[in-house]
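Please look over the structure shown below together with its sequence. The report that follows takes up a metal site, a sheet with its covering helices, and a nonpolar core.

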Amino acid sequence: MQIKNIKVIVTSPGRNYVTVKIETDEGIYGLGDATLNGRELSVAKTLEEYLAPLLIGKDPDNIEHIWQYLYKGAYWRGGPVLMTALAGIDMALWDIKGKVAGLPVYSLLGGKSRDKILCYTHVFGQNFQEVKDEALEKIAEGYKALRVQVAIPGLKGTYGTVEDDARTLPFVETWDSRPYLNIIPELFEFLRTEIGDEIHLIHDSHERLQVSEALKLAKELEKYDLLFLEDLLKPENKDGFMQIRNQTSTPLAMGELFNSKWDALLLIKEQLIDYIRCDLSHIGGITEAMKIAALAETFHVKTAWHGPADISPVAHLANLHVDYAITNFGIQELAEFPDQVDKVFKGRPEFRDGYLTIPDKPGLGCDIDEKAAAEYPYKKAYLPISESPDGSVHEW
Ligand code: CS2
Ligand code: MG
């Protein structure tokens with residue numbers, strides 16, 4: 001079997017997605033997600049201009065060889081654009097391999113280590129009452145774990161509380177750690193009092209804190225028994241986790257901004273986190289995720305793969321195939337997609353009573369309607385920028 005053609009499908013059913021479609025000379029094709037929120041066309045161009053021509057005529061069965069060929073072959077390796085392009089190709093090759101074998105991809109990854117996959121979704125509000133109301137709604141739907149975010153009084157557009165944050169020009173938020181550090185422990189006090197201790201709670205600090213601020217927050221949240229506190233520090237400050245880890249029992253998670261196993265290595269081998277949160281669409285796909293999972297297993301770290309709405313249902317299915325197969329699975333993030341997504345993408349995880357499952361179809365179990373995709377043309381959208389009170393730029 002040979003790779004005959006590669007299509008890069010850019011569509012925007014509610015938000016932008018980039019899908020790689022690898023077609024073979026035997027009529028079997030595979031799909032992969034290569035969506036890099038806010039920089040979609042950089043990845044599409046990299047795929048069309050540089051990677052696709054290199055794959056024509058290759059045997060799609062040789063995933064590891066193709067992965068290394070595209071990774072090392074670039075010489076200027078790594079980074080979000082190349083690793084997202086590589087992820088799209090990698091997922092599509094696993095989809096083909098499953099279809100050729102007549103097996104779901106998780107079966108090729110070693111089969112099921114579990115029958116269903118615990119997941120969490122997003123809850124946010126402009127105030128505590130709104131967060132509580134939405135949390136109770138999700139609990140009634142069956143969720144057993146929730147990520148909770150609340151708007152910070154006095155700050156314009158706090159992360160996780162703005163309905164649609166991608167705009168034609170970056171929305172400028174304001175950030176100040178002090179009101180944030182004061183209100184988040186109060187939010188958890190309120191929620192534990194109002195909705196109880198059974199529900200798993202998660203919070204995302206979105207890479208915004210200094211070490212001393214992060215430690216203060218992690219210590220103050222200990223009594224609220226979080227499943228994990230996510231992305232306390234910026235990815236450039238991995239060493240900072242050493243000081244936090246040694247002084248708090250709050251479980252820690254990090255990783256959505258990582259682009260390779262090497263980015264994750266220090267936090268895993270020093271056991272500075274409890275959950276590795278890499279994004280399969282930004283680290284080179286299933287092949288690299290399986291290696292990061294094995295590395296994490298070696299150091300007793302669990303996975304909580306990134307699962308926002310800005311990676312497509314193809315990526316969410318890829319997440320689940322890996323989640324089924326690995327032993328050190330922790331939890332899977334599942335943000336809710338825009339309604340129009342189902343018009344274009346066919347096949348996505350099934351939710352029941354707090355858990356996700358996928359049908360036993362060959363490959364990844366998804367398809368794309370190219371005609372429908374063409375009806376949703378790409379809309380350039382920037383992520384927000386965050387500014388401190390003095391006008392300087394802060395992590396978003
Ligand atoms: C977030 C993401 O889900 C998360 O944990 O950090 O929603 C993130 O903000 C987006 O993927 C950015 O595009
Ligand atoms: Mg996050």
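## The magnesium site

Does Asp 204 count as buried or exposed? The model is a predicted one, and in it Asp 204 has a relative accessibility of 2%, which places it under the 20% limit, so it counts as buried. Glu 230 also counts as buried, because its relative accessibility is 0%.

Both residues belong to the site of the magnesium ion (ligand 2), which is coordinated by Asp 204 through OD and by Glu 230 and Glu 256 through OE, at 2.0 to 2.1 Å. Along the chain these donors follow the spacing D-x25-E-x25-E. Asp 204 lies in strand S7 (residues 200–204) and Glu 230 in strand S8 (residues 228–230), so the pair ties together parts that are 26 residues apart in sequence.

## The three-stranded sheet

An open sheet is built from three strands in the order S1-S2-S3, and their pairing is antiparallel. Strand S1 (3–11) and strand S3 (29–33) stand at the edges with a single partner strand each, so one side of each has no neighbour in the sheet. Direction ignored, neighbouring strands of this sheet are turned by 20° against each other on average.

Strand S2 (residues 17–24) pairs with S3 over five bridges in the antiparallel sense, and Glu 23 has Tyr 29, in S3, as its bridge partner.

## Helices across the sheet

Helix H1 (residues 40–55) lies across S1 and S2 and runs at about 175° to S1, whereas H3 lies across S1, S2 and S3 and runs at about 145° to S3.

H3 is mostly covered, with 16 of its 22 residues buried, and just after H3 comes Gly 102, which takes a positive phi of about 70°.

## The nonpolar core

The largest nonpolar core holds 128 residues, of which Leu 47, Ile 89, Ile 276, Ile 286 and Trp 305 touch the most other members. H3 supplies the largest share of this core, namely 11 residues.

Which residues does Ile 89 contact, leaving aside its neighbours within four places in sequence? Ile 89 is then in contact with Val 20, Ile 22, Leu 47, Leu 51, Leu 55, Ile 66 and Leu 70.

How values were computed: Residues are numbered from 1 along each chain as its sequence is written. Chains are lettered from A and ligands numbered from 1 in the order in which they are written. This is a predicted model: local features need pLDDT of at least 70, side-chain atom pairs count only at pLDDT 80 or more; totals for chains, interfaces and linings use all residues. Side-chain values use heavy atoms; hydrogens and water are left out. Donors are N, O and S atoms within 2.8 Å of the metal (3.2 Å for Na, K and Ca); water is not among the atoms, so sites may look incomplete. Helices (H or I, at least four residues) and strands (E, at least two) are DSSP runs, numbered from the N terminus. Buried means under 20% relative accessible area, exposed over 50%, partly exposed in between (1.4 Å probe, protein chains only). Two strands pair if DSSP finds at least two bridges between them. Axes are lines fitted to C-alpha atoms, for helices over the stretch in contact, and angles run from 0 to 180 degrees between N-to-C directions. Contact means heavy atoms within 4.5 Å. A nonpolar core is a set of buried Ala, Val, Leu, Ile, Met, Phe, Trp, Tyr and Cys residues joined through side-chain atoms within 4.5 Å.
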